[in-house]
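Reader: I would like a close look at one part of this model, strand by strand. Please keep it brisk and give the cut-offs as you go.

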Amino acid sequence: MNQKWIKRGAVFGIGAALLLGSGLSAMAGTSGYETYKTAIKQTHAASSLTNQGRIVVTDNGKTIVNAKLEVKLNKEKDTLSANIELTGATGTQTFQAYKQDGKMVFVGGDDTDTYHVLPLAEDEQRFGDGDFDPPQHAEQLMEALLGNIKDLATVQELPSGGKQTTLHLSGSQIPAIVQAAGSLAAGHMAAADKMMAEGGQGAHQGHGMMGSSSNAMMSMHPSMKDFDLPALTKDVKVEDIRLNADINKDQLVEHQQGQMIVRGTDEAGQAHEVVIKASFDLSGFGQTTPDTVDLTGKQVVTIERSEHMPHGHR
């Protein structure tokens, strides 16, 4: 369980690393980049916030993934809650997670009556001062790799006193590193889909660090086949990227949205156009109280750490 990624994910939501929470969302031009970077740091510094988001994935116009989420975070109280609704080919599933009382609590998926509890080590229970700050070396590396792409963004002053940063990349404007990341992601998607089709044995191996609780945790994970994701294996190319961020007058990011179009073919030669859209609204800065769950009378399963899952690993 990588606690640091859980906490960073709470800020921008699932999928933010694909479109909005990574270097892609920091590709604004010289002034836009500084505006966005300042706003991100200011947002990270908020003692609490609420993030409501949605991610939609379509394949040749057909919706194959529809995800809704609400994450509440309070760093002063070292608590968070997350509610996720996933709709795929086989229907809709819901998942909840809570950080409370020095534990992580998970429920949902195929077993909505069982609450899986992971006791946290002492240093995992607290949100550290730097847990939400973008790594400086990663920021510098991304800037170097993106080069002049940063100059293609625009910044607009809003009547409210805030700003909007916008970036649109298409065709040859998309840097090689993004193309490589898209192809790599498509390859992993294809491999995971194949493992699931063969019974999921390979996919389960990746959760071995959970020890004897691996199967219990896997029951809460939607399988790749539930979303009918295309396995792109040939001519995979990122065709279009659109990113926007709305920053209020207090230099806080209130809204982020992005779209990525990926084209490629599967092993059968079928062409696919996969469109990923993500939108996140952030609010409740300094005023958010995460939800909690009362485990009294509930069916509780304690997740035991194996020797491969050391305490304090975040």
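Author: Start at a turn. In the hairpin of β1 and β2, with two residues between the strands, Asn-60 takes a positive phi near 50 degrees. Strands here are DSSP runs (E, at least two residues), helices are DSSP runs too (H or I, at least four), and both are numbered from the N terminus. This is a predicted model, where local features need pLDDT of at least 70 and side-chain atom pairs count only at pLDDT 80 or more, while totals for chains, interfaces and linings use all residues. Residues are numbered from 1 along each chain as its sequence is written, and side-chain values use heavy atoms, leaving out hydrogens and water.

β1 (residues 48–59) and β2 (residues 62–74) pair in the antiparallel sense over 12 bridges. Two strands count as paired if DSSP finds at least two bridges between them. Leu-49 stands opposite Leu-73 in β2. β1 is mostly covered, with 10 of its 12 residues buried. Buried means under 20% relative accessible area, exposed means over 50%, and partly exposed lies in between (1.4 Å probe, protein chains only).

β1 has a further partner. It runs antiparallel to β11 (residues 271–283), joined by 10 bridges. Arg-54 has Ser-279 in β11 as its bridge partner.

Val-57 shows contacts on this part of the chain. Leaving aside neighbours within four places in sequence, Val-57 is in contact with Lys-62, Thr-63, Ile-64, Val-65, Val-274, Val-275 and Ile-276. Contact means heavy atoms within 4.5 Å. Val-57 also belongs to the largest nonpolar core, which has 39 residues. Ile-55, Val-57, Val-238 and Ile-241 have the most contacts inside that core. A nonpolar core is a set of buried Ala, Val, Leu, Ile, Met, Phe, Trp, Tyr and Cys residues joined through side-chain atoms within 4.5 Å.

Next, β2 to β3. Nine bridges join these antiparallel strands. Ala-67 has Leu-86 in β3 as its bridge partner, and Lys-68 has Glu-85. The hairpin of β2 and β3 has four residues between the strands, and Asp-78 takes a positive phi near 55 degrees there. β3 (residues 79–88) is mostly covered, with seven of its 10 residues buried.

Phe-127 is found in the loop between α4 (122–125) and α5 (136–146). Phe-127 is buried, with a relative accessible area of 8%. The C-alpha atoms of Phe-127 and Thr-79 are 48 residues apart along the chain, yet separated by 8.6 Å.

On to β4. A hairpin joins β3 to β4 through two residues. The strands run antiparallel, with nine bridges between them. Ser-81 has Tyr-98 in β4 as its bridge partner. Gln-100 lies in β4 (residues 91–100). Gln-100 is buried, with a relative accessible area of 8%. Not counting residues up to four places away in sequence, Gln-100 touches Thr-292 and Val-293.

Last, the whole sheet. 12 strands form an open sheet in the order β7-β8-β9-β10-β11-β1-β2-β3-β4-β5-β6-β12, and the pairing is mixed. β7 (154–157) and β12 (299–302) stand at the edges, each with a single partner strand, so one side of each is left without a neighbour in the sheet. The twist averages 15 degrees from one strand to the next. For such angles, axes are lines fitted to C-alpha atoms (for helices, over the stretch in contact), and values run from 0 to 180 degrees between N-to-C directions.
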